[in-house]
Amino acid sequence: MKLIKRRALLKKVALASTTSVIGLTAEAKKDKKVFVHHVYFWLKNPASEADRKKLIEGLTALAKVPTIRMHNIGTPATTNRSVIERSYAVSWLCFFDNLEEEEVYQKHPIHLKFVEDYSHLWEKVIVYDSVQI
C-alpha cells in the first residue's frame, strides 16, 4: 500500500471537493432558466407628468411581489439611433428564477390590483418575455 503524505492528501481532498462544488453549481445553473419580463407602457396622455408619476408609483408597489428577484423602472434614454424605440413612456423590467415564478407573479393579488388601479393610464402595452439560454 502506497503511503500518501498528509499535505498531498489534503490537496487531493480539496481538489475533489472543489470539483464537486463547481460541478453542482454548473448543474444547478443549467436547470435554472432565468425568466426576464420586460413591459413597455404608452400613456393615454403622453404629455402628462402626473400620469407618468402615477404609473411609476404603481410599478413601485408592484415590485413588492415576492417572486420578483430584481426589477427596474425606466424611461426612454436620450440615445438617438435609428434602431432605438423611444416612443414609450415607462418601462418595467423584472427578473424571475424561472417561468413558474413569473406565472405566480401574473396571478398575484398585487399584480392584479396594479392592473385594476392603473390600466386606465395606458393606451398600449407591449411585453417582451425571454428565457436565459
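Contact here means heavy atoms within 4.5 Å, and helices (H or I, at least four residues) and strands (E, at least two) are DSSP runs, numbered from the N terminus. This is a predicted model, in which local features need pLDDT of at least 70 and side-chain atom pairs count only at pLDDT 80 or more, while totals for chains, interfaces and linings use all residues. Residues are numbered from 1 along each chain as its sequence is written, and side-chain values use heavy atoms, with hydrogens and water left out.

**View 1. Helix α3 meets helix α4.** Look for Y105, Q106 and K107 in α3, which meet P109, H111 and L112 in α4. The residues of this contact comprise three nonpolar, two polar and one charged (Ala, Val, Leu, Ile, Met, Phe, Trp, Tyr, Cys and Pro count as nonpolar, Asp, Glu, Lys and Arg as charged, and the others, Gly among them, as polar). The axes of α3 (residues 99-107) and α4 (residues 109-118) come within 5 Å and cross at roughly 50°. That makes α3 oblique to α4. Axes are lines fitted to C-alpha atoms, for helices over the stretch in contact, with angles from 0 to 180 degrees between N-to-C directions; under 35 degrees counts as roughly parallel, over 145 as roughly antiparallel, 65 to 115 as roughly perpendicular and the rest as oblique.

**View 2. H111 in its surroundings.** H111 sits in helix α4. Leaving aside residues up to four places away in sequence, H111 touches L62, V65, Y105 and Q106. H111 is buried, at 10% relative accessibility (buried means under 20% relative accessible area, exposed over 50%, partly exposed in between, with a 1.4 Å probe and protein chains only).

**View 3. Two aromatic pairs.** The whole structure holds nine aromatic pairs. In one of them, the ring centres of F96 and Y105 are 5.0 Å apart with planes at 50°, so the pair is tilted. Rings of Phe, Tyr and Trp (its six-membered ring) pair if their centres lie within 6.5 Å; planes under 30 degrees apart count as stacked, over 60 as edge-to-face and the rest as tilted. F96 is buried at 1% relative accessibility, and Y105 is buried with a relative accessible area of 1%. For F114 and Y118, the centres are 5.5 Å apart and the planes at 25°, so this pair is stacked. Both lie in helix α4, four residues apart, about one turn of the helix.

**View 4. An aromatic cluster and a lysine.** Y40, W42, Y88 and Y128 form one aromatic cluster. K124 lies over the face of W42, at 4.4 Å from the ring centre (a charge sits over a ring if NZ of Lys or CZ of Arg is within 6 Å of the ring centre and within 35 degrees of the ring normal).
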